[in-house]
Amino acid sequence: MKYHIVVFGCAANVADGKRIETYYEDQGHIKSSSIEKADEVIVVTCMIRESAEARVYGLVRNLGKKRRTLPRIIITGCMAGMIVRDTTGKLLKRIKKRIPTVEFIPVEELGLPEAGIHKNETHALVHISNGCNNFCTYCVVPYARGKEISRPYEEIIKECQDAIAHGIQTITLVGQNVNSYGSDLLNNAECKMQNGELVKSKYITYVKHLGKMRIPTLFPHLLKEVSELPGLVSVDFISSNPWDFSSELIDVIASHETVSRQIHLPVQSGDDEVLKRMNRWYTRNEYMDLIAIIREKVSGVSFSTDIIVGFPGETKEQFENTVDLCKKVGFVKAYVAIYSDRPMTVAHKTLGDDIPFAEKKRRWKVLEELIYKGNKK
Ligand code: 5AD
Ligand code: SF4
C-alpha cells in the first residue's frame with residue numbers, strides 16, 4: 001500500500017506527521033512521493049485560522065479533480081480533534097458538507113508510536129506534551145487537542161538520546177505550552193526518574209504567577225537534562241507562554257550554552273485590556289519585565305513572538321500599544337496573524353468579530369513593516 005502524508009500547521013503537527021510516517025513504515029507500507037499515486041492520503045490538519053481550514057477543503061477538492069478514483073482520505077489532527085469534542089455535532093455537519101468523501105480519525109485513535117523517525121535529518125522535533133489548559137479566548141487548541149497531557153519524562157529523554165545517536169545535532173522540544181510540562185504527571189504522582197524514585201521533592205519547580213504558587217512543572221529539569229546530553233549541539237523549545245516562564249527556567253537557559261539564545265515568547269497584544277479579553281494572564285508591564293530579566297541573565301538573547309491584530313473590540317489606540325511594545329522589545333521575528341473568528345472558542349461565542357478586514361490588514365501591514373525594517377537595520 002502506498003501512503004502519502006500532508007501536514008498543515010505548527011511544529012506539533014509536523015511531529016505528529018513523523019509519528020504517522022513511523023507507524024506506516026513499521027507496517028511495511030511504502031511512502032508515495034506524489035499524492036496522485038497514493039492509495040491512502042493522511043492529512044494532518046490545522047484549524048487555528050479559517051485560512052488553514054480552507055486549505056484542507058482545497059486539497060480534497062483538487063484530489064477529486066486530478067484522480068478518477070479517490071484514495072482513502074484520512075483527516076486527522078485538529079479538525080478531527082474538534083469534531084470529536086463538539087458535542088453539538090454542528091461542526092461535523094458543516095465540514096461533511098464540504099468534504100463528504102473523507103474519514104475523520106483523531107490523532108489519539110490512530111494508535112501511533114510515541115516517537116517519530118529521526119533518520120537522515122540534523123534537526124529533530126520531539127513532542128513533550130499535547131493539548132492545552134489555558135483557554136485563550138481566541139484559540140481552538142484546547143478544543144482541537146484537549147487538555148494538556150505530558151509525555152513520560154524518561155520516554156522524552158530516550159527519544160532525544162536515540163535522535164542524537166542517529167546524527168541529530170539540534171532538538172526542538174515541542175508542546176502547546178512547554179513550560180507547564182509535567183504538571184499533570186506530578187499531580188497524578190506518576191512521574192518516576194531512572195532510579196525509580198518519585199521526582200516530587202527533588203526536581204519540581206513551582207511556577208509562580210504574580211507572586212503566587214501556580215503549577216508544579218518539570219520543564220526546567222527536563223530542559224537541563226536534554227541540554228546536557230552528550231553530542232547535542234543545540235536545543236530550543238516552542239511554544240512557551242509568559243506567565244509560566246519561571247526564574248528556574250531562566251537560570252537553566254543562562255547556565256547552559258546548548259540552549260538556544262533565541263526565545264519564542266508569544267505576547268499576542270501589547271494592551272492590557274485586550275490581553276484581559278484574550279484571557280492572557282499577564283499585563284504588558286509584566287511581559288516587558290520578564291523580557292528585561294531574561295536579557296539581564298542570558299547574554300546574547302533575542303526574542304521572537306506571536307501577535308494577533310484585529311482581536312474583537314481592539315481600538316486603534318490599543319493596537320498602537322502593541323506597536324509601541326514591539327518597538328521597545330525589538331523582536332527579531334514575529335508571526336503576525338489577522339484575527340480569525342473560530343468555532344467553539346469563547347471569543348466566537350461572546351465577543352463577535354467587529355474589526356473590518358481592511359483595517360485588520362492595515363494593522364498587520366504596520367507590524368510586518370516595523371519588524372521587517374527593524375531587522376534590516
Ligand atoms: N486568529 C488569529 N490568530 C490566532 N492564533 C491562535 N488563534 C488565532 C485566531 N483565532 C495565533 C496566535 C498563536 C499562534 C499559534 O496562532 O498568535 O500564538
Ligand atoms: Fe492556544 Fe493559548 Fe493554549 Fe497557546 S496557550 S495553545 S494560544 S489556548
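At what angle do the axes of helix α9 (residues 219-227) and helix α10 (residues 247-255) cross, and within what distance do they come? In this predicted model, the two axes come within 9 Å and cross at roughly 10°. Because angles under 35 degrees count as roughly parallel, α9 is described as roughly parallel to α10. The residues that meet across this pair are F219, P220, L223 and K224 on the side of α9, and E248, L249, V252 and I253 on the side of α10. By class, the contact of α9 with α10 consists of 6 nonpolar and 2 charged residues, with no polar residue taking part. Helix α9 is largely enclosed by the rest of the structure, because 8 of its 9 residues are buried. The buried residues of this helix are F219, P220, H221, L222, L223, E225, V226 and S227, and F219, P220 and L223 from this set also belong to the residues of α9 that meet α10.

Strand β3 (residues 40-45) is likewise largely enclosed by the rest of the structure, since 6 of its 6 residues are buried. Both faces of the strand are covered, with E40, I42 and V44 buried on one side and V41, V43 and T45 buried on the other. Strand β3 is paired with strand β1 (residues 2-7), to which it is joined by 5 bridges in the parallel sense, and within this pairing V7 stands opposite V44 of β3. Strand β3 also pairs with strand β4 (residues 72-77), again in the parallel sense, over 6 bridges, and here I42 stands opposite I74 of β4.

When neighbours within four places in sequence are left aside, V43 is in contact with V6, F8, L59, I73, I74, I75 and T76. V43 and S33, which are 10 residues apart in sequence, are 14 Å apart in space from C-alpha to C-alpha. K31, placed in strand β2 (residues 30-31), and K2 are 29 residues apart in sequence, while their C-alpha atoms are 5.7 Å apart in space. With its neighbours within four places in sequence set aside, K31 is in contact with Y3, E21 and E25.

A further sheet is open and contains 3 strands in the order β13-β14-β15, with parallel pairing. Strands β13 (262-264) and β15 (333-338) stand at the edges and have a single partner strand each, so that one side of each is left without a neighbour in the sheet. Neighbouring strands of this sheet are turned against each other by 15° on average, with direction ignored. Strand β14 (residues 302-309) is joined to β15 by 6 bridges, the two strands running parallel, and the bridge partner of S304 in β15 is K333.

A337 is also placed in strand β15, and at 10% relative accessibility this residue counts as buried. Its contacts, leaving aside neighbours within four places in sequence, are made with R49, I307, I308 and V309. The C-alpha atoms of A337 and A52 are separated by 12 Å, although the two residues lie 285 residues apart along the chain.

At 6% relative accessibility, E159 counts as buried. Not counting residues up to four places away in sequence, E159 touches E114, A115, G116, H118, L125, V126 and R151.

The surroundings of ligand 2 were also examined. This ligand is surrounded by C132, N134, F135, C136, Y138, C139, V141, P142, Q176 and R280. The residues of this shell divide into 7 nonpolar, 2 polar and 1 charged.

Notes. Residues numbered from 1 in each chain as written. Chains lettered and ligands numbered in written order. Predicted model: local features only at pLDDT ≥ 70, side-chain atom pairs only at ≥ 80, totals over all residues. Heavy atoms only, no water. Near = heavy atom within 4 Å. Nonpolar A, V, L, I, M, F, W, Y, C, P; charged D, E, K, R; others polar. Pairing = 2+ DSSP bridges. Helix = DSSP H or I, 4+ residues; strand = E, 2+ residues; numbered from the N terminus. Axes fitted to C-alpha atoms, helices over the stretch in contact; angles between N-to-C directions. Parallel < 35°, antiparallel > 145°, perpendicular 65-115°, else oblique. Contact = heavy atoms within 4.5 Å. Buried < 20%, exposed > 50% of the residue type's maximum accessible area, 1.4 Å probe, protein only.
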